Amino acid sequence: MISKKELQRLLNDLESDRVERTISIDKMDKFGEAICSFSNDLPDYQKPGYLIIGADDKTGKVMPIKITDALLKNVASIRTEGNIQPQPSMIVEKVDLDDGPVVVVEVQPAHFPPVKYKGKICVRVGPRRGIANEDDERKLYEKRASHVQTFDAMPCLGSTLEDLDVRLFRQIYLPKAYPEDVLENDKRDVRLQLQSLGFYDMKHDCPTFAGILMFGNNVERRLPGAYVQYVRFDGIGRSADIASDYKFSGNLMMILNQLDTFVSTTIAKKRPVPVSALREEYVVDYPSWAIRELLMNAVCHRDYEGNGPIQFYQYDDRIEILNPGGLYGKANPRNFPWVNDYRNGVIAEAMKVIGFVNRFSRGVQRVQEELKTNGNNEADFNLTLETAFLVKVHISKNSFASNGEAKEEAKEEAKDNIDKDIISVSEVEMAVYDLISTQPDVTRKGISKQLGISISKAYHVLSELKQKGVIKRDGGRKLGYWTILKEIDNS
């Protein structure tokens with residue numbers, strides 16, 4: 001609360017944007033409008049405003065008024081009686097000065113203006129109080145937008161830097177986010193590097209929810225629903241038997257790569273279709289890019305505050321993807337898919353950096369084109385669920401998946417691909433595979449030294465493993481990192 005010395009200074013000075021004086025004790029509408037105007041803080045002083053009851057508005061002289069408990073309660077009740085929305089942050093106090101007592105109402109600037117009193121947006125312009133015009137309202141709404149943080153940008157209180165896989169951030173993400181010459185000159189602490197990209201909150205000294213989602217060591221401890229549940233049903237409804245299921249879990253750096261590989265190897269696998277006694281053509285039930293894009297959109301736009309996962313369900317005749325959180329912000333059923341907005345702005349930017357979304361707001365249009373070309377017809381979007389978003393993709397008309405024998409074969413392949421891919425490798429390939437499984441940042445020179453083979457041999461073995469789809473290299477030569485794409489079994 002304001003000190004007596006500072007209060008006396010305000011009384012001796014003129015009325016201003018931050019000070020209103022009055023000798024009235026029963027004009028609650030006048031008090032409410034003053035409190036509303038201080039909350040809006042149109043000049044953006046980012047300092048409290050003061051309503052002083054018991055002082056002349058022109059001279060600032062303290063006037064004799066009767067200050068009772070009822071008066072203090074009536075003024076304090078302005079905050080909660082419902083006429084001011086959203087509720088202001090304020091303190092009401094009786095202050096005894098040398099010339100007599102006054103009532104001081106200290107009002108903090110609102111984080112989410114505009115604040116309204118009985119539906120009116122009250123503001124102060126110099127010593128005068130009035131109603132906001134269109135330009136004033138625009139400024140207040142812009143101020144509101146600048147203070148609003150999306151959920152993923154908020155601090156994950158209680159977490160620490162140790163909850164993040166810092167090596168993953170430094171070796172994989174940073175080289176994609178910044179040019180190599182910039183990184184070489186960046187000597188900042190990792191907390192500052194994370195903060196610059198929206199993954200850390202220095203004020204609370206903890207990761208943001210985006211940091212936990214992207215690089216967390218145990219994401220579900222903080223966000224229980226942050227995973228994708230895949231189920232393959234043996235029929236066309238949820239009452240059918242479950243042929244296979246899999247939980248894509250971990251941080252998004254892991255999940256996104258897992259989904260990418262799974263879609264290309266299982267969902268969009270090519271199948272031969274005989275068109276004559278001597279010729280056959282290859283078709284896919286679902287085009288890889290379209291399903292991948294729909295899954296990436298689900299991960300990017302979902303509501304992570306809930307406990308439900310993304311549901312990735314495959315039936316004999318269709319795929320359904322259901323993610324928590326309906327259309328967000330400017331997007332609505334009337335303008336979808338032409339207008340887009342981002343529930344998770346930091347996550348959207350991160351997924352763009354690592355190459356899984358483009359942020360050009362044309363993904364849905366391209367999905368529909370890919371599906372029509374493949375014979376699936378357009379995807380069906382259910383935009384009426386409010387708290388969820390559902391998309392259905394029907395199996396291609398060109399597919400032979402309805403054939404009983406082929407369907408069983410496809411389901412067995414899907415189950416095998418989920419668990420692991422069995423690939424034949426040589427002894428030296430197996431040795432290299434085992435080494436990079438435990439040392440993802442190992443170099444060719446390191447492999448050569450530890451396994452006792454030449455550098456050229458190490459290069460050849462790594463090339464073979466990459467061609468077989470077992471491993472891939474992320475990042476540059478200096479900060480590179482090996483990623484295991486498939487489990488191999490040489491038994």
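1. Asp316 counts as buried because its relative accessibility is 18%, where buried means under 20% relative accessible area with a 1.4 Å probe and protein chains only. The model is predicted, so local features need pLDDT of at least 70 and side-chain atom pairs pLDDT 80 or more, while totals for chains, interfaces and linings use all residues. Residues are numbered from 1 along each chain, and side-chain values use heavy atoms, without hydrogens and water.

2. Asp316 sits in the loop between strands E15 (310-314) and E16 (318-324); strands (E, at least two residues) and helices (H or I, at least four) are DSSP runs numbered from the N terminus.

3. In the largest nonpolar core, which has 65 residues, Phe199 and Phe312 touch the most other members. A nonpolar core is a set of buried Ala, Val, Leu, Ile, Met, Phe, Trp, Tyr and Cys residues joined through side-chain atoms within 4.5 Å. Helix H11 (residues 288-301) gives the most to this core, nine residues. Another core, of 21 residues, lies apart from it and includes Leu71 and Ile84.

4. Helix H15 (residues 427-438) has twelve residues and should span 16 Å at 1.5 Å a residue, which agrees with the 17 Å between its end C-alpha atoms; the expected span is 1.5 Å times one less than the number of residues. Among its buried residues are Met430, Tyr433 and Ile436. The buried residues of H15 pack (heavy atoms within 4.5 Å) against helices H16 (444-451) and H17 (455-467) and strands E19 (471-474) and E20 (481-484).

Definitions and conventions. Buried < 20%, exposed > 50% of the residue type's maximum accessible area, 1.4 Å probe, protein only.
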